[in-house]
Amino acid sequence: MASTSAWGARSRMMLLMQMVAVAAFMLFINLPLQVQGAVETSEHPNVVDAEGHPVLFGDEYYVLPAVSGSGGGGLALKLRVNDSCPMYVKQESSEKSKGLPVVFTHFKGQSANFSSVIVEENVGLNVKTAAVTSCVQSTEWSEEDDTNTSKRFIKASDTSSLFQITKASDGDGYNVYYCPCVCKLVCTQLGIYVDGDENRWVVIDNSVETLRVQFHKNE
């Protein structure tokens, strides 16, 4: 009799454990899905757009000046050397011009969490201008040295360079950095070089006018 009672108690316990396990599983699968990467860290906070929403990989954004009256508009592409390809990244002269949107993608040469959909500060990424041009090539951003001006320009190319986005030191907008490797210590800030024709070219140079930007989603 005692043996039968003990067996019944064990059976009820096993049944209870199974019910708890099923309930826990049902609760898990019915939890609302969260965007991976939405949890910020102090080292890699989320990059946010002008509306305060996280900037997402794969979406299009206009890169506009963070401070009005800074002397230019959004970013675009233009032929630079003898009106021949490739095209180079420039800032529009008019503040009213939004230029062309860009798309951020995960850096191809870095072992990263490709499941993350949110762009984070101080994390390597690639940039591509979202446009079709007369040059038969991709519009990925890459760097090019120019011996005539001793400047390093950003051109539209079939190859991709590594960039990082960092909050401006005063908290107003973001700075974009070119990085020759996955190491923040050797990254150089992007700035604006104004040539003799008043073209505002984006260059890799700490000594020129700083390119401080904000991101506006292309709706």
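User: How many disulfides does a search of the whole structure find?
Analyst: This is a predicted model, in which local features need pLDDT of at least 70, side-chain atom pairs count only at pLDDT 80 or more, and totals for chains, interfaces and linings use all residues. Residues are numbered from 1 along each chain as its sequence is written, and side-chain values use heavy atoms, with hydrogens and water left out. A disulfide is a pair of cysteine sulfur atoms within 2.5 Å. By that rule, the number found in the whole structure is 2.

User: Which residue is joined to Cys-85 by a disulfide, and where does that residue lie?
Analyst: The S to S distance in the disulfide from Cys-85 to Cys-135 is 2.0 Å. The pair links distant parts of the chain, 50 residues apart, with Cys-85 in strand 3 (residues 84-91). Strands (E, at least two residues) are DSSP runs, numbered from the N terminus. The partner is Cys-135, in the loop between strand 5 (125-129) and strand 6 (140-146).

User: Is the link of Cys-85 and Cys-135 left-handed or right-handed?
Analyst: The angle about the S-S bond of Cys-85 and Cys-135 is -95°. This link is left-handed.

User: Why does Cys-85 count as partly exposed, and why does Cys-135 count as buried?
Analyst: Buried means under 20% relative accessible area, exposed over 50%, and partly exposed in between (1.4 Å probe, protein chains only). Cys-85 counts as partly exposed because its relative accessibility is 43%. Cys-135 counts as buried because its value is 5%.

User: Which residue forms a disulfide with Cys-179, and is Cys-179 buried or exposed?
Analyst: The disulfide joins Cys-179 to Cys-187, with S to S at 2.0 Å. With 110° about the S-S bond, this link is right-handed. Cys-187 counts as buried at 12% relative accessibility. The partner of Cys-179 is Cys-187, and Cys-179, at 2% relative accessible area, is buried.

User: What pattern do the disulfides of the chain follow?
Analyst: Bonded cysteines are counted along the chain. The pattern is 1-2, 3-4.

Technical notes
Helix = DSSP H or I, 4+ residues; strand = E, 2+ residues; numbered from the N terminus.
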